[in-house]
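Q: I would like to learn how to read helix packing and chain contacts in a model. Can we work through one together?

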2 protein chains.
Amino acid sequence: MNPQALADLSSRLPELRLLTEPGDLEHYGRDWTRRWTPAPLAIALPASIEEVQEIVRWANHHRVAIVPSGGRTGLSGGAVAANGELVLSLARMNRVLGFDAVDRTLTVQPGIALEAVHTAAREHGLIYPVDFAARGSCSIGGNIATNAGGIRVIRYGNTREWIAGLKVVTGLGELLHLNRGLIKNSSGYDLRQLMVGSEGTLGIVVEATLRLTDPPPASHVMLLALPDMQALMQVFALFRERLSLQAFEFFTDVALKHVLAHGAQRAIEGDYPYYVVTEFDAADERAQEVALAVFEQGLEQGLIADGVMAQSDAQAAALWRLREGITESLAPHKPYKNDISVRIGAVPVFLQDIQALLAHEYPHMEVVWFGHIGDGNLHINVLKPASLSDADFIAQCEHVTQRLAETLHRHGGSISAEHGIGLVKRAYLESTRSAAEIALMRGVKTVFDPNGILNPGKLFA
Amino acid sequence: MNPQALADLSSRLPELRLLTEPGDLEHYGRDWTRRWTPAPLAIALPASIEEVQEIVRWANHHRVAIVPSGGRTGLSGGAVAANGELVLSLARMNRVLGFDAVDRTLTVQPGIALEAVHTAAREHGLIYPVDFAARGSCSIGGNIATNAGGIRVIRYGNTREWIAGLKVVTGLGELLHLNRGLIKNSSGYDLRQLMVGSEGTLGIVVEATLRLTDPPPASHVMLLALPDMQALMQVFALFRERLSLQAFEFFTDVALKHVLAHGAQRAIEGDYPYYVVTEFDAADERAQEVALAVFEQGLEQGLIADGVMAQSDAQAAALWRLREGITESLAPHKPYKNDISVRIGAVPVFLQDIQALLAHEYPHMEVVWFGHIGDGNLHINVLKPASLSDADFIAQCEHVTQRLAETLHRHGGSISAEHGIGLVKRAYLESTRSAAEIALMRGVKTVFDPNGILNPGKLFA
């Protein structure tokens, strides 16, 4: 049936770029997770909304599943195609379509890289403030599909806050033009917000109108070394009260070890268990004085053990690399990733609970902590010991994730803060969403995609 | 059947406060619209989430419709009960439940007045920034149900942006605890956002966790008189570029006439066709100098005809009253209200189109314009001539609204910027939402409320 189906697709869309070579299937069939063997039917690279719609209609006719695909930098398997799906890659739909100076919006195709959005915004003297390390490869469509967060959430919120309008193709191939850039629009259910974070299961984002904003004032970047975990939230409270934070990111000594081994430069001598990279507004000398006063207060109170403030853009970049280089530095160790969150107020007690849990469960594995502590978001990466097979390693980690999920449930947290559920966290969705919520989500899924064409198996089994 | 149904409700919930006196039915059966004759079955005033759930279960059993009800200040008939519904008033569930200093959230019951939320936030040195004239009477539950906007949207966005968590009772009586105050939570569809703006048709908000923020810096309030409508967007662009705006509200000479007749004090001598009340950050003398320089630039360019800057809090309040007193001053004239929006960038052309339309369609009626021009949101109130019956007046206005809706559709605007669709704009939903979107909304409605218990007839027929 499938060769016939593909022939039908080519006859419906003779201009459609369609890839079926094994190398392409493998390349486009997976994301940054490496747990599944790619096995898509084919890769379609549409160049227009009309082509996307026709592909979806074709998929309904033949009951072929579609995996919408962007930069494939996802960490939850949301863009994995391991079951004969058609990968619908938006890679060719990657242009800026328009800028409106009065609305301060940028309209883009979904396949554009986040970094290209940054560049386009800056050309107009504005910024698109969502930012994270995968900026060069990830696509805005994928950012929307996972409601991507990143390193500036503490100041600017998640992707959700910056979507003024969306064009979306539903599971039946209908084109929706949601919210259309309006600031105020109280005309029924906000389907735009429903699409954000739906991981390609409700519709395929084919165009996005992004809100832009003024660049922040000049900023300073500081690296802090902390004596213990208790100090972390206290330093956060101190800095948040006195400074206007743009970012407040933490990582552990183990994370530092890996990022240094991967080529980053040491900025503080001595060994400390916890580090923070923070960036804050420093428009004038007074702001700098306040920052130094706050830092000294932290030192005096024993909350901060050491610290350094970047004196140039290059130094700031070097400090940021200590945090942003972590994910890449861990990749060779095939880390098992947890991306969890709790309310900020619940962080201290939660940290104690999971430290105890992980020490008990992972006595022989290297565990790397880092994350966006000001958003309640922790990344916990467990590194695979060379002695363990991939399968055994994942099995052991899954066992612990079940315990972690129970702890999260107790603290009212989320099993996925910013990566999405995808395939990786699907089994743990119940830790975060109630049975009633999941039943409602399944109902909503059926409304938008009655034949289950869009990214089946992701989010729910 | 209905007396039996009510008897069953009392036997299920012996403690439930239930009103059936004609005066109560009339009082609770309507909102600020006066178009429908209240005719509810009864008024239930639950005191707990459990009572709300049991009422919904009872309603499913007897197939009685429920109208969720807050402060009943709505302008779209969303809280009208004219067809034997049970009004479920949240008026008794009006307490602050908790404050979290680390999360900076305030958890409240839905019946609390917006002004009481403001007061509670200020007691903790923070603000809840959504604000509008009905603050003393409207409830936060209603604000959420309509995604209320108001006078600070230009700085702070709509209600949607400030909802960290919601407890909601669905159409089957299930209790959902959505998002639970998390900043980052990418675990499937954001049902919290789906609830915001759903006008009581998907669920009943029974608890809300509101995000708070730092108070803005000291501000100045300025009243500007403008020579013509073209100047309006130019002055907005000028002020937005140079100042940090908290509000930018416009109104016409006709609006001024009514608000002065209603007791407000004239602040500028002479007659001008358009006025703006704007508030902007003025933390120090330099900011004041910039404001004056911007004002003078506007004068020199002929964009501003006159203006006054408040020199005290009392003066600022007096200037604000010129804008905020409009709705109340028009009430005796039984205005037909339009609450429309377009993209900011589309405002100038759109204004020309609807000015021509209204001049042509309403030559003998007084039309009052005001609104949040910086958000693309216009309020157009048509006043009933004494000579016309209510029914004839509404019929004439509806005829024009059909034309207005066509104009909005052409400009990609919304038939309801911040009031909601309710009963009043139901016939015009197609001007803003496509047939495909409306079909999806109906599908979503069925998922959350399969028996059509919650606010039937609102939003859709």
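Q: Which residues of α13(A) meet α14(A)?
A: Contact means heavy atoms within 4.5 Å. Helices are DSSP runs (H or I, at least four residues; strands are E, at least two), numbered from the N terminus. On the α13(A) side are A:V349, A:F350, A:D353, A:I354, A:L357, A:L358 and A:E361. They meet A:H399, A:V400, A:R403, A:L404, A:T407, A:L408, A:R410 and A:H411 in α14(A). The contact residues divide into eight nonpolar, three polar and four charged. Here Ala, Val, Leu, Ile, Met, Phe, Trp, Tyr, Cys and Pro count as nonpolar, Asp, Glu, Lys and Arg as charged, and the others, Gly among them, as polar.
This is a predicted model: local features need pLDDT of at least 70, side-chain atom pairs count only at pLDDT 80 or more, and totals for chains, interfaces and linings use all residues. Residues are numbered from 1 along each chain as its sequence is written, chains are lettered from A and ligands numbered from 1 in the order written, and side-chain values use heavy atoms, without hydrogens and water.

Q: How are α13(A) and α14(A) oriented to each other?
A: Two packed helices are described by the angle between their axes and the distance between the axes. Axes are lines fitted to C-alpha atoms, for helices over the stretch in contact, and angles run from 0 to 180 degrees between N-to-C directions. Helix α13 (residues 347–361) and helix α14 (residues 390–411) of chain A pack at about 165 degrees, axes 11 Å apart. They are therefore roughly antiparallel. The cut-offs: under 35 degrees is roughly parallel, over 145 roughly antiparallel, 65 to 115 roughly perpendicular, the rest oblique.

Q: What is the hand of the α13(A) and α14(A) crossing?
A: A crossing is left-handed if the near helix is turned anticlockwise from the far one by less than a right angle, and right-handed if clockwise. This crossing is right-handed.

Q: Which angle do the α15 helices of chains A and B make?
A: Helix α15 (residues 435–448) of chain A packs on helix α15 (residues 435–448) of chain B at about 155 degrees, axes 9 Å apart. α15(A) and α15(B) are therefore roughly antiparallel.

Q: How much area do chains A and B bury between them?
A: Buried area is the accessible area (1.4 Å probe) that two parts lose on being put together, summed over both. Chains B and A bury about 5600 Å², 55% of it on carbon and sulfur atoms. In chain B, B:K184, B:S186 and B:Y189 lose the most area to chain A, together 18% of what that side buries.
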